Structures are given as structure tokens and as C-alpha cells.
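Subject: Structure handover

Hi,

Here is the structure for you to take over. My notes follow below it.

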Amino acid sequence: MTERPGLTDRQRAAARTAAEVFDSLAEPPAAPFPRDGDDGPRAGVAAAVGLFSDVVQRIVDGYAELAERAGTVASNGSSGAAGEPITLYGRPGETAAVDVWIHNMGSLPISAMRLHLSALTAADGTEPAAGPASFEPPEPSVGAASSTRAVLALLIADDCAPGIYHGYVLGSGEIEAALPLHLVVEP
Amino acid sequence: MTTPAPVQSVLARYAELTRDAMAPYLAAGEPACYLYDLVRDYPARPGKGIRPALLLATCQAVGGTLRAGLPVAVAVELLHNAFLVHDDIEDGSVRRRGAPTLHRLHGVELAINAGDALAALALQPLRAEPGLGNRVSRMLLDELSATVRHTTEGQALELGWRRHAVIGLDAADYVRMVAKKTCWYTTVAPLRMGALAGSRSGGRSAALTRFGLHLGLAFQVRDDLLDLDGDAAADKDRYADLREGKHTLMLIHLLAESAPKDRARLVEQLTAPRPGSEAWMLDLMHRHGSLDFARDFAAGVSAAAYDAFDEAFRGLPESEHLDFLRRVIPYMVDRRH
């Protein structure tokens with residue numbers, strides 16, 4: 001522990017007392033409550049089976065996690081990296097459209113992914129006079145290790161204030177994804 | 001450069017977000033007047049919001065999203081409310097967050113039952129949120145389970161000391177008890193679970209535990225001091241700790257420092273609390289410097305918390321979330337409520 005300047009002896013002693021106690025509190029086990037160790041052979045077998053099933057479960061989860069991460073929603077031309085926003089441009093009275101790509105890098109097909117556009121807001125909290133949004137196809141499917149796209153179309157009303165509005169394209173179904181979206185309404 | 005929002009307003013914002021996200025888990029049901037109305041009561045009373053704020057800020061500081069952290073914050077907050085209901089009964093408290101305690105309003109039996117329901121509801125957000133994934137969900141459930149264990153162990157220590165009017169304790173005993181009773185579910189678990197939800201890994205857990213222990217200890221010592229402060233205790237039951245014979249740091253210091261005659265009277269007070277002794281105990285604490293001792297203790301611990309903070313968040317880019325977490329350290333010892 002670094003001795004901080006400006007502390008009184010009593011303050012330093014307090015920090016030392018706390019540090020000593022915290023040192024004695026070893027990292028706790030993840031198990032909820034302690035158990036009596038004398039559980040007999042039946043418990044030993046059960047524990048071994050439990051451990052094995054946990055290993056299997058973790059392997060399955062690991063694949064599921066990979067599939068979760070592999071299935072990403074991306075805008076046209078982007079690398080597909082999560083966090084890169086889709087940008088939708090348009091003027092009041094126009095219908096803005098953009099391609100939304102779904103890249104499935106997992107080994108399982110994804111069927112009927114439902115796409116939605118979240119509510120949009122500008123940095124000052126105003127909402128654009130725009131909508132409804134549509135996706136074509138509305139529920140795209142994508143095979144294993146392949147990509148597909150859906151066209152997002154959004155009608156910008158005549159009285160929509162120019163500015164940048166923020167929201168998300170959300171995908172739900174066998175996998176879930178959220179990709180930031182900017183709607184740029186030009187004057 | 002933008003001035004960062006005051007800590008209190010960030011706490012309030014996260015608390016509100018968490019309350020909103022909690023609503024679906026507190027849906028109406030029957031019997032409403034005997035259970036679900038009670039279950040919704042404490043969560044609807046605005047608290048300080050320290051737990052959800054620590055959790056959500058940590059989640060975002062390690063690269064996660066608010067959306068990923070919210071169900072976890074809801075779980076921790078529901079568990080906190082469950083603890084509060086039972087805590088108030090165990091302590092015989094009469095007020096909570098500016099209103100009568102749940103057992104004063106509805107009776108001990110119904111309040112215990114509502115507390116049980118809240119504890120069970122706390123598991124739901126971690127099981128029901130598909131975005132977390134099975135592996136992370138299970139790790140978070142393990143964290144919640146370990147939190148219940150630590151907290152009940154700490155509460156058992158405190159209740160046991162009171163039951164047997166234990167004296168001869170020192171500051172290290174107090175730290176050990178607070179680490180379990182308060183730190184784990186107030187600061188350690190929110191930090192660890194926030195990091196887990198945000199990074200989907202428990203890589204920082206040990207360092208976050210250490211930071212959380214420092215932060216939680218500073219929080220509890222300040223809480224003990226605020227119980228004796230007339231203005232700050234307005235929404236609480238002032239002098240409740242003195243009346244209940246709680247082993248605060250000041251009381252432990254006083255027991256060690258007081259003359260044999262006063263000490264004997266203190267022990268008598270701990271064994272069979274008599275109303276009206278609060279002023280005498282407070283005066284004795286002032287005379288023996290017990291309040292100054294506690295203030296110095298909090299200052300020393302919070303200074304050490306900065307080192308623990310640096311270790312816990314090493315290598316992360318600067319962000320408003322990290323800045324907020326750093327600013328929480330002085331807030332813990334300076335807060336007025």
C-alpha cells in the first residue's frame with residue numbers, strides 16, 4: 001500500500017488496519033454456502049457427475065457465446081464490427097433507406113430474425129417527425145457462415161427538424177443484436 | 001471542457017433508470033394488499049442509488065452498455081430492498097427513507113413474507129434476461145448467491161454481538177464485520193457484477209473486491225456518523241444506532257476508552273437498552289473523541305481507496321464512467337445523507 005502524504009498517524013493506522021483485515025479475507029469461493037465435508041460416496045459420485053455436466057454445459061455455453069458474438073448486424077459497407085453506426089441520410093418529405101447487413105459467422109443457421117428500429121432522439125432530447133420504419137424482408141434468415149441484408153426504409157415527415165438523431169437497429173430471435181444508428185436529416 | 005455532473009445527480013439518474021427497469025418485475029398480482037403492494041413499497045421510495053450507480057458505471061467503464069447492466073442492477077436493488085425489510089425488523093427500526101418501516105405499516109409477519117418475496121424476485125432479472133447468455137447469467141447468480149452468504153454472515157456477527165452485549169472489540173473486528181455486513185452487497189457486488197455484465201469476464205474481480213471493501217467501509221463509517229447528525233438523519237430514525245446498541249466504530253472506541261464506571265453503565269445499556277440514554281452516550285462519545293476517531297478512520301480508509309481504485313481499473317481508457325467512480329470515493333466520506 002502506498003503511504004499517502006498529508007495523512008495523520010491515526011489516519012494511516014486506520015488504513016493499515018483495514019488493509020490487514022482485507023488481506024485476511026481471501027477471495028471468496030463462488031459456492032453459495034459451506035457444506036459439511038462428510039457426505040459419503042454417494043455425494044462424491046454426485047459431485048463428479050455435477051462437475052462433468054458443468055464442463056459439458058460450459059462447452060455448450062462457449063459455443064453459444066461464440067454464436068452470439070458471431071451473429072452481428074451491420075450497415076452496408078461496414079466491417080460488421082459492433083458499435084459502428086448505420087447512418088441514414090434524408091431530407092424532410094423523403095424516404096431514407098439503407099442496407100442493414102446480417103453477418104452470421106457461427107456454424108448454425110439463424111431463421112427469422114426480427115428487426116426493429118428503436119425510438120430516435122437528438123442530443124437535446126427531441127424526437128424526429130419520422131416513421132414508421134420498415135425492413136424488407138421483415139424477418140430475414142441467414143445460413144451458417146453467410147450473410148444477408150435487409151433494407152431499412154424510414155419516411156421523414158415534411159415538418160421534421162433537420163439534425164442528427166440517434167437510435168438503434170435491434171435484432172431479436174435466436175440471437176440478439178443492437179447496432180447504433182444515426183438519422184441525419186438534412187435541411 | 002465539460003464540467004462533470006455532481007455525484008448526487010448521477011446517482012439519482014442511475015437510481016431512476018433502475019427503478020423504471022424494475023417495474024416489470026414488480027407487476028401487480030394477488031393478494032395485492034397483503035403481498036404485492038408491500039413488495040412495491042420500498043423499491044418505490046427513492047434511496048441514495050449507490051448500488052445501481054456503481055454497477056452501471058462499472059459496466060460501462062469496462063466497455064459494456066447500459067442495457068447490459070440494467071437487469072443486473074435491478075437484481076442487486078431488489079436484493080437490497082429484501083435485506084432492508086428484514087433489517088428493519090431485526091433492528092426494530094421505525095422509519096425508512098422518510099416514511100414508516102414496512103413492518104410498522106403492515107405488521108411483522110406480512111413484512112417478513114414480503115421480504116422473502118423480494119429476495120426471490122431478485123433472481124428473476126438474471127434468469128430472464130436473454131442478452132446476458134447462460135454462462136454470464138450463471139456467473140452473476142453465483143455472485144448474488146455469494147453476496148447473500150457474506151451479508152448474512154456479517155449480519156449474524158452484528159446481531160450476535162448485540163444479543164450477548166459483546167465488548168472488548170477493536171477496530172479490526174469492526175472492519176471484519178462491516179466488510180461482510182455492508183461492503184459486500186453495497187459496493188463489492190455492484191462493482192464485480194457490473195464488470196462481469198460489461199466485459200463478460202471476471203478478470204478484475206479480486207482488485208474490484210479490494211476497492212469495494214475500502215469504499216464500503218468508508219460508506220459505513222460515514223453512515224454511523226450520520227446517525228448522530230440531526231439534519232442528516234431527518235429521513236431516518238435519529239440515534240437509532242445508539243438506542244439499538246449497534247456496534248458502530250464510535251461505540252467500539254468508546255467502550256475501549258471509557259472509565260470503568262461509564263463502561264459498566266454502557267454494558268448495562270447494551271444488555272437492556274433504556275430509552276433516554278442516547279444523550280448521555282453521545283456526550284460520552286464527544287468527551288472521549290470517538291467521533292473524531294471515526295472521522296479520521298474514514299479519511300484514512302478513503303485515502304487508501306484511491307490506490308485500490310487505480311489497481312481495479314488499471315488499463316481502462318478515461319471515460320465519464322471511470323471519472324464518476326473515482327469521484328464516488330470522496331463522496332462516501334463527505335455525504336450529508
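Which residues of the largest nonpolar core touch the most other members? They are Leu140(B), Leu217(B) and Val301(B), in a core of 104 residues. A nonpolar core here is a set of buried Ala, Val, Leu, Ile, Met, Phe, Trp, Tyr and Cys residues joined through C-beta atoms within 7 Å. Buried means 20 or more other C-beta atoms within 10 Å of the residue's own, exposed means 12 or fewer, and partly exposed is in between, with C-beta atoms placed from the backbone. H9(B) gives the most to this core, with 15 residues. A second, separate core has 30 residues, among them Ala96(A), Val98(A), Ala177(A) and Val185(A).

Before the rest, some conventions. This is a predicted model, in which local features need pLDDT of at least 70 and side-chain atom pairs count only at pLDDT 80 or more, while totals for chains, interfaces and linings use all residues. Residues are numbered from 1 along each chain as its sequence is written, and chains are lettered from A and ligands numbered from 1 in the order in which they are written.

Chain B

Chain B has 16 helices and two strands. These are DSSP runs numbered from the N terminus: helices are H or I with at least four residues, strands are E with at least two. Of the 337 residues in chain B, 49% are buried. Contacts in chain B with a separation of 6 or more are 79% between residues 24 or more positions apart. A contact means C-beta atoms, placed from the backbone, within 7 Å.

Leu217(B) is worth a look. Leaving out residues up to four places away in sequence, Leu217(B) touches Ala18(A), Val175(B), Val178(B), Ala179(B), Cys183(B) and Val301(B).

Helix packing

Two packed helices are described by the angle between their axes and the distance between the axes. Axes are lines fitted to C-alpha atoms, for helices over the stretch in contact, and angles run from 0 to 180 degrees between N-to-C directions.

- H10(B) and H15(B): H10 covers residues 205–226 and H15 covers residues 290–312. They pack at about 160°, with axes 8 Å apart. That makes H10(B) roughly antiparallel to H15(B). Angles under 35 degrees count as roughly parallel, over 145 as roughly antiparallel, 65 to 115 as roughly perpendicular and the rest as oblique. The crossing is left-handed. That term means the near helix is turned anticlockwise from the far one by less than a right angle; clockwise is right-handed. The contact residues divide into 18 nonpolar, two polar and five charged. Nonpolar covers Ala, Val, Leu, Ile, Met, Phe, Trp, Tyr, Cys and Pro; charged covers Asp, Glu, Lys and Arg; the others, Gly among them, are polar.
- H9(B) and H10(B): their axes come within 7 Å and cross at roughly 130°. The two helices are therefore oblique to each other. H9(B) passes H10(B) in a right-handed crossing. The H9(B) side includes Val175(B), Thr182(B) and Arg192(B), and the H10(B) side includes Leu208(B), Gly212(B) and Phe219(B). The contact has 13 nonpolar, eight polar and one charged residues.
- The crossing is right-handed. Residues on the H1(A) side include Arg10(A), Ala14(A) and Ala18(A); Asp296(B), Gly300(B) and Val301(B) are among those on the H15(B) side. By class, the contact has nine nonpolar, two polar and three charged residues.

Backbone points to check

- The peptide bond from Gly131(A) to Pro132(A) is cis, with omega near 0°. Pro132(A) lies in strand E6 (residues 130–136) of chain A.
- Glu136(A) and Pro137(A) are joined by a cis peptide bond, with omega about 0°. Pro137(A) sits in the loop between E6 and strand E7 (146–156) of chain A.
- Ala165(B) has a positive phi, near 45°. It is in the loop between H8 (134–163) and H9 (171–199) of chain B. Ala165(B) is partly exposed, with 14 other C-beta atoms within 10 Å.
- Arg200(B) also has a positive phi, about 60°, and is not a glycine. It is in the loop between H9 and H10 of chain B. Arg200(B) is buried, with 20 other C-beta atoms within 10 Å.

Best wishes

Technical notes. Contact = placed C-beta atoms within 7 Å.
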